[in-house]
Amino acid sequence: MTTYPLTALELIPDIDEEAVSDVFVRINSKGTLLNQADFILTLMSVFWDDGRAQLEEFCRDSRIPAKDKPSPYNNFIEPSPDQLLRVSVGVAFKRARLKYVYSILRGKDLETEKFSVECRERQFEELKKAQERVLNLQYWHDFMKCIQQAGFRSHKMISSQNNLIFSYILYLIGRTEYKVTEHDLRRAISRWFFMSALTGRFAKSPESSMEYDLARLRPIKTSSEFIQALNKICDITLTSDYWTMTLPNQLATSSSRSPSLFAYEASLILLDAPVLFSKMKFSTLCDPSIQAKRASIEKHHLFPKEYLKSKGITETIDYNQIANYAFVEWNDNNDISNMSPKEYFPKYKKPYNKRQLDQMYYYHALPEDWENMKYQQFLERRRELIAQVIADGYATLISKKTEEEKKDYDNFDLTEKIMDGESEEIEFKSTLRTNLHTNNKDPRMEYTVLRTIAGFLNTNGGRLIIGVSDDGEPIGLEVDGFPNEDKMTLHLVNIIKSRMGVLVMNDLHIHFDDFKRKQSYGGSL
């Protein structure tokens, strides 16, 4: 050590602050490789040290539950300063590539390529305004409600923090710049988060993806245009082919951190589903505040591992397939152990009636007679059914009503509408699927319903009332033979999605009402 040459760089006393910052970045980037966020944080240390300190304090507080004061603590993320910096940059400059922002904050005019103190001060002022919004605890926790509304409950269901961070950028832009109402903004952001979480939108090249999405917002002027832009991206991403082809293929994995698996969990919460073989709701048992020795919910192999191994299926990638998992209470998982499906399933389904079994099969994506299926055939069919459940969960985010639509429903008088008769905006159908002349199910009846819906979609919207004849006489819903309202709703939703695509559900709102002691089925478009 006494003979080792150590190089020292001495700076002259009157060097300016920007030069010091530049020297620091250059030296450190030759040693420990720094990223663009480090460079910007360095600039903040020189020109706005309080701002960097605020970021670091917010991040420290987010890791510790606070008892008697407001705190950024939450169940989804413990942010780092560079993550919150990215949010501030996105809000302030509509940029995601931090290398451009580093130049901007140094005072570079991107048009003239020249640096100036005035430009640097102006850009830092924009960053300060944005960071004030980013660290606003009310905004922060209101945003977390969007994630909850999307069906997610804790960090264990978050496969990409980049997705959460970018969603926060969009939330702040919508709330503080476009003044979107909280109800409509929460619905749009929860839908966006579900879409981007499911598809892994920011898993690869996140800066490029974020930059592309932010660029779409730059020409937007109004709150309605902002919502429309987000919804349009969701629509062109989650097409009918995505639900029926792409997603089932994505589910062909054994990854325990698969975005599609987390989306399935979120969908069970959105659909208010019970745990398999239990009356307890999945959402209740997913409560992150519950900390027991064994988790309230466990992933159960429908075809147990040891059973599959006895059949020659020994590879982890095969028996740990997502499509082989179902969520059960830990005691049921313990009791089933290594029994074959043929052994345990008849015992577990025995206490349930047909309606309850139908719900169980639907929520948990169980094919008919699944316990007797060959394993690979079971996996393929169950992937399709899981994809359907996820699509239905996502559809609940689309079909929630705005405040104006709620007022419209509150003021809706079925008797008055029926007495007024059919019009361009009101149409009656006696049944959904039953031909009253033959008293049999008839696909032509469903076709006329779909044709009416398509007509409303292509014009100015309207109301379709099922269970009422053309002359206004009540027929009721009993003739269609559905066991309950849920089954009728599900049947209509399924034929719409199969013939017209899941995105139609964005404009379809369904409810039941009574007319002359007969129940009618109303839908608005």
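## Cysteines

A residue is called buried when its relative accessible area is under 20%, exposed when it is over 50%, and partly exposed in between, with a 1.4 Å probe and protein chains only. The model is a predicted one, in which local features need pLDDT of at least 70 and side-chain atom pairs count only at pLDDT 80 or more, while totals for chains, interfaces and linings use all residues. Residues are numbered from 1 along each chain as its sequence is written, and side-chain values use heavy atoms, with hydrogens and water left out.

A search of the whole structure for disulfides (pairs of cysteine sulfur atoms within 2.5 Å) finds zero. The sulfur of C146 has its closest cysteine sulfur in C234, at 13 Å, which is too far for a bond. C146 is buried at 0% relative accessibility, and C234 is buried at 1%.

## The chain as a whole

Of the 525 residues in the chain, 49% count as buried, and the C-alpha trace spans about 100 × 65 × 45 Å along its principal axes.

The chain carries 70 positive and 75 negative side chains, the centres of the two sets lying 4 Å apart; here Lys and Arg count as positive and Asp and Glu as negative, without His and the chain ends, and each charge is placed at NZ of Lys, CZ of Arg, CG of Asp or CD of Glu.
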